[in-house]
Amino acid sequence: VGVYVLFLSSVVVSFWRLTLAELYSDEDAVVRLNAMSLNRTIYNVPNVFLVEFYSSWCGHCINFAPTWKALARDTEDWAEVIQLAAIDCADSKNLPACRRYDIKGYPTIKVFQPFTQNTSDIGKPLKGSRASDKLIHTMVDVIQQQSLHSRPQHWPQLQPAHSREVTEFFQKWKDVEYLALLFEANDSYVGKQVILDMAKYDNMVVRRVLKNEEGLVRKFAVEDFPSLSVLCRNGTVLQLARGGQTRFDFRQALRKLPNLDKAQEHQGQQLQQPAAPRLDKTTTLRTLGVAGVNRSAVHMTDLLSALTYSFWQEVAGRQMLEGQTLQAVKDFVNVLSKYFPGSEEVSTFLHSINKWLQESTVSKLTYQEWAQMLAEHKGSSGLPQDVRWVGCHGSQPHLRGYSCSLWLLFHTLTVQQAAQPDPSQNSQSVLLAMRGYITTLFGCKECGRNFQKEAISMETEVNTPDQAVLWLWRTHNRVNKRLHGDRSEDPQFPKVQFPSPQLCPTCRLASQVELEPVWNEEQVFQFLKRHYSPTNIVYDSSSPQSKGLVPHFHLHPTMVQSNPRQEHKDTSLQGAQGPVHVKDLQGRLQKRNNPNIGVKVEKLGDSENRQGAAGWGFSNLDISMCVMLYIVSSGLVVGLYVMFIVKRRRRRRTPLV
């Protein structure tokens, strides 16, 4: 029975961990912060904090996370001096905090000095390389600069030692058993790192001795650098390592010395070790597959969710919209109002905010003004409050999602522009709006820089809307090729060249390697026009996407002035009042001066259109887990019963002595 209970517990725990996947976990040495714990963690504490402000969907953040984890683990012994932390700005509850700290892209690392009393201090951005070996040097530099300005009493001394100090050391330090002298070159970081590694030991002090300190170099007969000598209180000198050694060798040698005592809390100062933030259903997306999703169609749920996340998280995350950023918002909304293939309700909303932006004469727009404008339209915008992914759904919460939906959105807009030729419009207007958005508003800073490089060819290669469609397709495939095998790639949805042979058999002329096909661009263009046209858009009913999956993003009271708990108006095209007829949708699109565009309304499978078992709100995965646990438990019970019967029969057959 104990084994049975243990097995069931491990299954439940494993499943729960899968559903709450994040970039950082409790097992990591990184301090996980949220909006509630941020201030009390970094202010008025005796150590430096390096806080990474990241977004869980950002590909560059995903790639950087292992570096941050490894660095935190490597410097775990430095916790009384410096600690690494992280906060997910993709969590809507953390948005006000990230906005307050003026975070404009991810990942952003900020430095918070010890004993900072003023909570208006939003930290200093950490400059320099993000490579692990460079970051650890930067950490040492931050500590040393703070030490020169005002060194907390419990911090170790990083400045080099001199002859007189070494001679008089044991007279001054009565409780110290060992003085370790690490001889090194002037520009070396090894000694400083070893000092921080050993700072937690009370009866040992490690000091650096530079190569030009000739008196000490001669006294200890040092010929190779770096080298380590240890003076004991009884006068003994130990030569532990000579030349060619690494920081880890020196540290290991010192830790083998007898009777080392770890330090106690310094003067009652308690380091902040906040508990990991509790995850709730408003910001966590279960790791579920969406069975039965039509992968050959564009899902309106993805397009609308892209707008919701963009407006409420990306744009509203800026304290101030001005200059190029404000212009990027105006251009983005302008092309949306012209080409977004949504319902009449969404179209009216986009036209309304576009008019509001274009008629505005102010050079700056605060996030309060932007949020107030959105709040006024919240009940009539046609946008969902909850962000859910269907075609862009990833196998993990931080994979695909928003970045996938943005590609989908801009592909759709370029096709819509090509379908509505207007000589008065700039053929590059959608692409220019995309470039402005990605380079100024899109959270992933590295992605913005990479797209800027890709966009260099845009102005010379695009002269017509049709060419804009193909240019974006080529660019997306180049990005897919570059990121194929990247850590940010979803293993269940690898980044391959699009379209696949299954989606468009006539699009490829030949292909020696799958990543390098030879394209029939005329066929590709015809495919793209079909694939991203309104006739191929699926208006998902409120089935697994709204019932079986937990939303990835949800509006919170801190983001809007109106009540975010109010149910948003149903934007699906099949609701309580019955299905919306295709001719009604065509009538809406005809108002966009394109009478030839129709809309296909596709229902997902019947099993997905139901809320759950008996309407109780259980998803298909919940039912599957219950069935699996029932089968396993039944098998274990039967196995225990058989084992019991066999043992009892053996006892009966055994003769008594």
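Helix α14 has its buried residues covered by elements that include α11 (300-315), α12 (323-339), α13 (344-359) and β12 (364-366). The model is predicted, with a mean pLDDT of 79 for the protein.

- Helix α14 spans residues 367-377, and its buried residues are Trp-370, Ala-371, Met-373, Leu-374, Ala-375 and His-377.
- Trp-370 is also among the residues with the most contacts inside the largest nonpolar core, together with Leu-50, Phe-53, Trp-68, Leu-254, Phe-311 and Phe-340. This core has 144 residues.
- The element that gives the most to this core is α15, with ten residues.
- A separate second core has 15 residues, among them Ala-161, Phe-170, Phe-220 and Val-222.
- In soluble globular proteins, nonpolar side chains tend to be buried together.

**Gln-417 in helix α15**
- Gln-417 is part of helix α15, which covers residues 402-419.
- Gln-417 counts as buried because its relative accessibility is 3%, and the cut-off for buried is under 20%.
- Leaving out residues up to four places away in sequence, Gln-417 touches Tyr-339, Asn-426, Ser-427, Ser-429, Val-430 and Pro-465.

**Confidence**
- A pLDDT of 70 or more is reached by 77% of the residues.
- Residues 264-289 have pLDDT below 50, and the model gives this stretch 76 contacts beyond near neighbours in sequence.
- Residues 556-621 stay under 50 in pLDDT, with 116 contacts in the model beyond four places in sequence.
- Where pLDDT is low, the predicted coordinates should not be read in detail.

Terms used:
Residues are numbered from 1 along each chain as its sequence is written. This is a predicted model: local features need pLDDT of at least 70, side-chain atom pairs count only at pLDDT 80 or more; totals for chains, interfaces and linings use all residues. Side-chain values use heavy atoms; hydrogens and water are left out. Helices (H or I, at least four residues) and strands (E, at least two) are DSSP runs, numbered from the N terminus. Buried means under 20% relative accessible area, exposed over 50%, partly exposed in between (1.4 Å probe, protein chains only). Contact means heavy atoms within 4.5 Å. pLDDT is the predictor's confidence in each residue, from 0 to 100. A nonpolar core is a set of buried Ala, Val, Leu, Ile, Met, Phe, Trp, Tyr and Cys residues joined through side-chain atoms within 4.5 Å.
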